[in-house]
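Hello,

Here is the structure I promised to pass on to you. Have a look at it first, and my notes follow below.

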Amino acid sequence: VAVLGSITAKNLFGDEDPVGKSIRITNRPFQVVGVLMAKGQSLTGRDQDDNVYIPITTSERQITGNQFPGSIRYM
């Protein structure tokens with residue numbers, strides 16, 4: 001599963017509701033289960049709406065190939 005930031009959702013799906021649709025990350029399918037409300041920039045100037053959130057355990061096993069589960073805390 002994946003949750004999209006508002007800008008990511010707009011860039012990928014336009015005005016369509018992306019919930020229930022699929023996206024691919026490193027050629028693996030993820031079902032969109034939600035879209036976050038727009039937040040704007042953080043205090044450091046980073047765009048908080050241009051993100052994709054997936055479970056950390058999924059990232060460890062399928063995306064990064066981390067051999068040490070539980071060692072990733074933030075990406």
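The sheet is open and mixed in its pairing, with 4 strands in the order β2-β3-β1-β4. Strands here are DSSP runs of E with at least two residues, helices are runs of H or I with at least four, and both are numbered from the N terminus; two strands pair if DSSP finds at least two bridges between them. Because β2 (22-25) and β4 (52-53) each have a single partner strand, they stand at the edges, and one side of each is left without a neighbour in the sheet.

Helix α1 (residues 6-13) packs on this sheet and touches β1, β2, β3 and β4, where contact means heavy atoms within 4.5 Å. Its direction makes about 95° with that of β1; axes are lines fitted to C-alpha atoms, for helices over the stretch in contact, and angles run from 0 to 180 degrees between N-to-C directions.

This is a predicted model, in which local features need pLDDT of at least 70, side-chain atom pairs count only at pLDDT 80 or more, and totals for chains, interfaces and linings use all residues. Residues are numbered from 1 along each chain as its sequence is written, and side-chain values use heavy atoms, leaving out hydrogens and water.

On the pairing itself, β1 (residues 2-4) and β3 (residues 28-35) run parallel, joined by 3 bridges. Ala-2 sits opposite Val-32, and Val-3 opposite Gly-34. By contrast, β2 and β3 run antiparallel with 4 bridges.

Best wishes
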